[in-house]
Amino acid sequence: MVAAGAVTVGVGALVGRNNANDDESPSTRSGDLSLLTVGADAVFTTEDCEYIENYEDVLRVRANASMPYGTMIWATDNEVAACLLPSDTSNPLTKVGLLSLSSGYFTTVLNQAVGANEGFQIFDVRASAQGIAWVEENILNNVWRIYHTTVDGLTIGEPQLAYESDSQFIMPSIAVAGGHTFWQLVPNISGRANAYTSSLMRAPLAANSDQAETLLEAPGKMACGLTAGPAGVACAPRAQASSTYYALTYVDAESGKVIDELVLPASMRPTDVSYGNTGFTFAFESIYSFGDGISNLGTYTPLERPAYDLQTAYDDAATGLLEGSREDVLSEAQQEEAAQKSMQAVADLYSSEQWFRFPRTPLAPPSWCGNWFMLRSTNVVAGVDLVGRRYFTIEADGTGQGYGEFLASQSSLDRAVTYANVDYTTIEGESVKECAVRIWEAV
């Protein structure tokens with residue numbers, strides 16, 4: 001742990017150095033932007049790690065659950081996970097359930113869409129121990145709605161409409177964190193909103209649509225969907241620049257402020273972004289002919305969390321600019337200067353770190369189970385000890401598992417959730433068709 005005073009000294013020293021000589025900065029400058037720059041020799045992969053034959057030496061099952069075949073699960077909280085359950089009928093198509101991550105018990109909390117009588121179906125859901133949000137759409141009328149409400153154990157409150165739109169915006173990515181529902185408004189390229197900006201929105205849980213607010217706006221489309229954690233959400237809007245740059249952005253759930261930000265090199269588009277034990281994590285499904293250490297496909301995360309984030313760096317830069325001044329508030333010019341200094345300081349720190357790349361096509365956002373970095377790999381789930389350079393894999397139980405084990409958990413959690421939709425016949429001739437869920441804890 002770094003003392004607060006030490007962090008302040010480090011920020012001030014780095015900001016001062018950047019101001020004095022940009023050539024000493026490990027990050028790259030492009031106009032007003034400071035970009036992540038990682039050397040090829042600063043990145044290691046699982047090929048540089050020791051394989052753990054028996055994962056039970058480091059990870060144990062806390063609870064199991066058997067859910068309907070075809071269930072999809074998202075866990076962004078240590079207590080509950082959101083479940084999208086298939087229905088036995090064509091109307092409704094899906095139901096919503098909540099899964100306890102301590103006991104493995106689950107219950108159905110929504111048997112159909114709120115707007116079922118108007119032709120709406122449920123297409124997506126996210127939840128935390130505080131609340132739940134879901135998306136309903138009438139595909140014939142191209143209208144979608146976000147509903148949300150509070151959660152008490154595995155019981156939900158009265159649904160409230162948080163937002164509604166038509167096809168001018170694509171169906172939104174949603175998240176629940178820190179007492180709020182978040183969603184992205186991304187223009188439909190073929191719709192009326194083609195020239196609009198993308199927005200990150202939020203509303204207090206169980207609030208009506210009148211309380212929806214815009215937290216940030218960016219030109220064009222965001223690179224990928226939202227990823228929630230217990231205290232905030234991560235997204236990847238485009239930076240304000242003539243060329244295409246994506247800014248990895250972490251927003252605090254309670255304040256709604258941008259706490260951390262890191263800009264990728266031009267034209268690099270992440271397929272997902274999250275914020276965990278070591279700061280920003282991002283993934284590419286493409287291989288680039290530039291970018292040195294981050295040019296290949298896979299999932300990237302720094303070996304260690306940088307000593308401070310954008311907000312801390314900005315506060316320190318602002319303090320330095322006000323020293324010796326009779327003013328106690330920054331002018332607009334000073335605010336811009338503090339913003340530039342803090343962005344470069346953060347980019348420098350991330351650029352100076354060692355990075356880990358998981359060399360597989362990204363299929364889902366990663367998560368943390370204690371100190372284990374968890375990722376989906378082809379048809380198994382892998383866990384990596386970045387510091388000890390060890391890793392293991394988890395395969396689905398049973399045979400004929402098709403797509404294999406999925407990773408349901410996201411962000412930094414004390415538990416990991418995996419599931420596999422299995423359909424096979426045992427040696428005894430028993431037919432097994434279920435969604436087999438396992439909830440894990442580090443040993």
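I started at Ser198, which sits in strand β17 (residues 197–204). The model is predicted: local features need pLDDT of at least 70, side-chain atom pairs count only at pLDDT 80 or more, and totals for chains, interfaces and linings use all residues. Residues are numbered from 1 along each chain as its sequence is written, and side-chain values use heavy atoms, without hydrogens and water.

Strands are DSSP runs of E, at least two residues, numbered from the N terminus.

I checked the cover on Ser198. Ser198 counts as buried because its relative accessibility is 0% (buried means under 20% relative accessible area, 1.4 Å probe, protein chains only). Its side chain reaches the backbone oxygen of Gly220 at 2.3 Å. Beyond neighbours within four places in sequence, Ser198 contacts several residues, including Leu185, Pro187, Glu217 and Met222 (contact: heavy atoms within 4.5 Å).

Next I took β12 (residues 143–152). Eight of its 10 residues are buried. I looked up its partners (two strands pair if DSSP finds at least two bridges between them).

- β11 (residues 131–138) runs antiparallel to β12 over eight bridges; Trp134 has Tyr147 as its bridge partner.
- β14 (residues 160–165) is antiparallel to β12 over five bridges, with Trp144 opposite Ser165.
- β13 (residues 155–156) joins β12 by two bridges, antiparallel; Val151 stands opposite Ile156.

Both turns I checked have a positive phi. In the β11–β12 hairpin, with four residues between the strands, Asn142 is at about 55°. In the β12–β13 hairpin, with two residues between, Gly153 is at about 70°.

Last, I traced an open antiparallel sheet in the order β5-β34-β33-β31. Its edge strands are β5 (59–67) and β31 (406–407).

Methods
Buried < 20%, exposed > 50% of the residue type's maximum accessible area, 1.4 Å probe, protein only. Polar contact = N/O pair within 3.5 Å; in protein donor to acceptor, adjacent residues only side chain to side chain.
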